[in-house]
Amino acid sequence: MENIGNHIDRWNNCLQIISQIVEPQHFDTWFKKIRPVSLIDSTLTVEVPSDFFREYLEESYLDVIKKTLKRVIGADARLNYLIRPVANQQAMRLPEGPGNPPINRSVNISSYQPAGNPGPFVYPGLQKIQIDPRLLPVYNFQNLVSGDCNRLAISAGSDIARNPGKTPFNPLFIFGGPGLGKTHVANAIGLAIKEKYPDLVVLYVTGNEFKTQYMDAVFVRNKLTDFLAYYMKIDVLIIDDIQDLVGQGNQNAFFNIFNHLHQNSKQLILTSDRSPAELQSFEDRLLSRFKWGLSVELTHPDYDTRLAMLKARAFREGMNIGEDVLEYLASNIQTNFRELEGALISVAAYSALSKEANSVELASRVTKRIVGPDSGHVTIDKVQKTVCDYFNITRENLLSMSRKRQIVQARQISMYLSRNLMPNCSLSTIGAETGGKDHATVLHACATVTDLMATDKTFKKYVNDLEQMLTPSFR
């Protein structure tokens, strides 16, 4: 027998209990939208915004709902769902891009009709959307100079472009310091996919943009389900600077998007300024998924790669710059591609504005403005050479497997200084260039040096002396 009006009271009682269990933000998002419809015997019927909404409820809160219903209605309590008709819902304004080519096909949306079966997702009030890929045409494979620093990433990216979502490289996790070409590689993969498969829907978005869109969907428009469904229509999702995706709410949203795309053989490409093992404030379940595919590091370019990049960029921009100037820049700016390009453009600009010929002397003045009077940045090689000279040991000994106390401490100090003086250099890179050690060994070395500095004044003096030798301008 139907209990007229009683379904509202019973559901309100359920909400009072659930509100004490579920976080307020999640309660507002997932439970306040549910409308009680009827209570017949022990079966409570409720109306929800979409079938996706129902699936998410059951996946995330089934245990809470079951226990609450049994407590309020009884041991035989059951819950039945109705999907709210699309006509009764307002449309969500979805994230927009800047309108850069190439163009994705329009995505047709299947709306739920009361007489038919709902599709896997319901997009309230929308029939067709145009998702801008937000890819920059200049960041293509043709403009990407290959070297030891990025060859593996380019090779994996090319394989993905030929068969997105079907290779073992899903997700592809590209990491490395700033200016090493992570965004360029990720964009190049997206462009190559669009060229070969124009009907696939590709989207490039930064981690910070994703977080902002999530907050807008939840706190401003109250349209989280639409936001999730929007991202689940993507065939190739590229998220740049994934390390910015901090916060439980947006990580939970991305977790569900990641699972759906991966399970449906959609391609995910992620970039970060650090390896998955070094990401802080990320849920373990996300970190484990980042490691499912291929993690590849972009390292600092060697001299040949730096010179090739400068030549390619000068040719592309029509710059008439002498070989000696390019060689000088490649020799003296060793950090990353971004600083190299900045120096190249600055030399050309100064030359044009001052009517001064391109020369090594001009390049020297420009370089000092960019990297300071000591044009040699702190590098792992520089740290190791300084440590070896200080302790009067050979570099071969430093990188060996020797367990002699002096050698071990010198090796640990070199790893500690590399980590502290080059915060954008990953642990894995430091370990690889210190005799093939892994990131765990580098972490242990840093912790050991920190502990010894706190208890051993002589040891602390060693480290302070070396820091001053490596960074005199900061003292």
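## Helix 7

Helix 7, residues 224-231, is largely enclosed by the rest of the structure, because 8 of its 8 residues are buried. The buried residues in helix 7 are Leu224, Thr225, Asp226, Phe227, Leu228, Ala229, Tyr230 and Tyr231. The model is predicted, and the descriptions below should be read with that in mind.

Leu39 stands opposite Leu44 of strand 2. The two strands make a hairpin with 2 residues between them, and Asp41 in the turn has a positive phi of about 55°.

Strand 2 (residues 43-48) and strand 3 run parallel and are joined by 6 bridges. Two of the facing pairs can be named: Val46 is opposite Tyr81 in strand 3, and Val48 is opposite Ile83 in strand 3.

A second open sheet has 5 strands in the order 7-8-9-6-10, with parallel pairing. Its edge strands are strand 7 (202-206) and strand 10 (294-297), each of which pairs on one side only. From one strand to the next, the twist averages 15°.

Within this sheet, strand 6 (residues 172-175) pairs with strand 9 (residues 267-272) in the parallel sense over 4 bridges. The bridge partner of Phe173 in strand 9 is Leu270. Helix 4 (residues 151-162) lies across strand 6, strand 9 and strand 10, and its direction is at about 145° to strand 10.

## Helix 10 against helix 11

Two packed helices are described by the angle between their axes and the distance between the axes. For helix 10 (residues 303-317) and helix 11 (residues 323-332), the axes come within 9 Å and cross at roughly 135°. Helix 10 and helix 11 are therefore oblique to each other, and the crossing of helix 10 and helix 11 is right-handed.

Which residues meet where helix 10 and helix 11 are in contact? Helix 10 contributes Tyr303, Arg306, Leu307, Leu310 and Lys311, while helix 11 contributes Glu323, Leu326, Glu327, Leu329, Ala330 and Ser331. Sorted by class, this contact of helix 10 with helix 11 has 6 nonpolar, 1 polar and 4 charged residues.

## Gln412

Gln412 is part of helix 16 (residues 405-421). Is Gln412 buried or exposed? Gln412 counts as buried, because its relative accessibility is 12% and the cut-off for buried is under 20%.

Leaving aside residues up to four places away in sequence, Gln412 touches His444, Ala445, Thr448 and Val449.

Conventions
Residues are numbered from 1 along each chain as its sequence is written. This is a predicted model: local features need pLDDT of at least 70, side-chain atom pairs count only at pLDDT 80 or more; totals for chains, interfaces and linings use all residues. Side-chain values use heavy atoms; hydrogens and water are left out. Two strands pair if DSSP finds at least two bridges between them. Axes are lines fitted to C-alpha atoms, for helices over the stretch in contact, and angles run from 0 to 180 degrees between N-to-C directions. Angles under 35 degrees count as roughly parallel, over 145 as roughly antiparallel, 65 to 115 as roughly perpendicular and the rest as oblique. A crossing is left-handed if the near helix is turned anticlockwise from the far one by less than a right angle, and right-handed if clockwise. Contact means heavy atoms within 4.5 Å. Ala, Val, Leu, Ile, Met, Phe, Trp, Tyr, Cys and Pro count as nonpolar, Asp, Glu, Lys and Arg as charged, and the others, Gly among them, as polar. Buried means under 20% relative accessible area, exposed over 50%, partly exposed in between (1.4 Å probe, protein chains only).
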